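The report below works through a single protein chain, from its nonpolar cores to its strands, helices and selected residues. Please keep the sequence and the three-dimensional view at hand while reading.

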Amino acid sequence: MQAPHLKSSLAKMSRRAHWGLFAIGLLSLLGSGCNAFILAGLLLAGPPTVEPDFDKMTKKSLREKDVKVAVVCFAPDEVRLNFIDVDKDIAKYTAHQLNQHEIKTINPERIQDWLDKHDDWDKPEEIGEATHATHIIQIDVHKYNLFEEGTKELYKGRAEVLISVFEMQKDGTTEKVYTKEITSQFPLETPRETSEVSYDHFRREYLTRLSEEIGRQFYSHSNGDDMRDVI
């Protein structure tokens, strides 16, 4: 099992490798000149790092030592009817992304088990108290689809979600400290032919993509991270 700092280092190296390949491609297209020197600098130094929006807005960080995060996700019936367990999948994939970036999360299966046994809960502090979390990330799915509009022959992941973060207080209540709406789509450009990839494979791809977009609100990432979805 790899140590968290080693996983983080490997992830950074992977991102830099992707950025490097992209920069090399642009260098070959642009040739010499000022642009080439700029890209060469990016190739050596890596892409600019983006501060997590949560940190910027709250002046706090979920990577602090004593923080433990519970991730929960809820989707309307019409979404879950077409995409079974999508709420559970988004919670699981997002928790995994946060763990990969040194944010301690509580096992999503443990949280889901509690939710299944306590369907009368109505306040986020109940989840925090039951799981001993310091923060609850609640993801509310408003829209979700894996297909291009009007067809079942093309894959195009799309989602609209609202992220809310509740912080447990000393008196056992919670305070909402952060909200963010996200509109997501994948691939960024041309839809994917259903004949080229299986449904399950694309579903996993998009869950990974969406959970990255959610997770990036809480950990640093590079401007070049999306380049692989453009090329």
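## Nonpolar cores

A nonpolar core is here a set of buried Ala, Val, Leu, Ile, Met, Phe, Trp, Tyr and Cys residues joined through side-chain atoms within 4.5 Å, where buried means under 20% relative accessible area, exposed means over 50%, and partly exposed lies in between (1.4 Å probe, protein chains only). In this predicted model, the largest such core has 38 residues, and those with the most contacts inside it are Ile-90, Ile-137, Tyr-144 and Phe-218. Two or more residues of this core come from each of S2, H5, S3, S4, S5 and helix H8 (199-215); helices (H or I, at least four residues) and strands (E, at least two) are DSSP runs, numbered from the N terminus.

A contact means heavy atoms within 4.5 Å, and by that criterion Ile-90 touches Cys-73, Ile-139, Val-141, Tyr-144, Leu-207, Leu-210 and Ile-214, residues up to four places away in sequence not being counted. A second, separate core of 11 residues includes Val-72, Ile-111, Trp-114 and Leu-115.

## Basis and confidence of the model

Residues are numbered from 1 along each chain as its sequence is written, and side-chain values use heavy atoms, with hydrogens and water left out. Since the model is predicted, local features need pLDDT of at least 70 and side-chain atom pairs count only at pLDDT 80 or more, whereas totals for chains, interfaces and linings use all residues.

The pLDDT, which is the predictor's confidence in each residue on a scale from 0 to 100, averages 84 over the protein, and 76% of the residues score at least 70. Where pLDDT is low, the predicted coordinates should not be read in detail.

## Overall composition

The secondary structure comes to eight helices and seven strands, and of the 231 residues 42% count as buried. Among contacts with a separation of 6 or more, residues 24 or more positions apart account for 65%.

## Strand pairing

Two strands are taken as paired if DSSP finds at least two bridges between them. Strand S3 is mostly covered, with 10 of its 13 residues buried, and it pairs with S2 in the parallel sense over six bridges; within S3, His-135 is the bridge partner of Val-69. S3 is also joined to S4 by 11 bridges, the two strands running antiparallel, and here Ile-137 stands opposite Val-165 in S4. S3 and S4 form a hairpin with six residues between them, and Gly-150 in the turn has a positive phi of about 80 degrees.

Strand S4 (residues 154-168) pairs in turn with strand S5 (residues 174-186) in the antiparallel sense over 12 bridges, with Leu-162 opposite Glu-181 in S5. These two strands form a hairpin with five residues between them, where Gly-172 in the turn has a positive phi of about 90 degrees.

## Helix H6

In helix H6 (residues 108-117) the buried residues are Pro-108, Ile-111, Trp-114 and Leu-115. They cover an arc of only 125 degrees around the axis, which puts them on the same side of H6; the arc is that of the directions from the helix axis to the C-beta atoms. The buried residues pack against strand S2 (69-74), helix H5 (86-100) and helix H7 (124-131), while the face turned away from the buried side carries the exposed residues Glu-109 and Lys-117.

At the N-terminal end, Asn-107 caps H6, a side-chain oxygen lying 2.9 Å from the backbone nitrogen of Glu-109.

## Two buried residues

Thr-174, found in strand S5, is buried with a relative accessible area of 19%. A polar contact (a pair of N or O atoms within 3.5 Å; within protein, one must be able to donate a hydrogen and the other to accept it, and residues adjacent in sequence count only if both atoms are side-chain atoms) of 2.8 Å joins the side chains of Thr-174 and Glu-125.

Val-86, in helix H5, counts as buried at 4% relative accessibility. Not counting residues up to four places away in sequence, Val-86 touches Ala-75, Val-79, Arg-80 and Tyr-144. The C-alpha atoms of Val-86 and Leu-207 are separated by 8.8 Å, although these residues are 121 residues apart along the chain.
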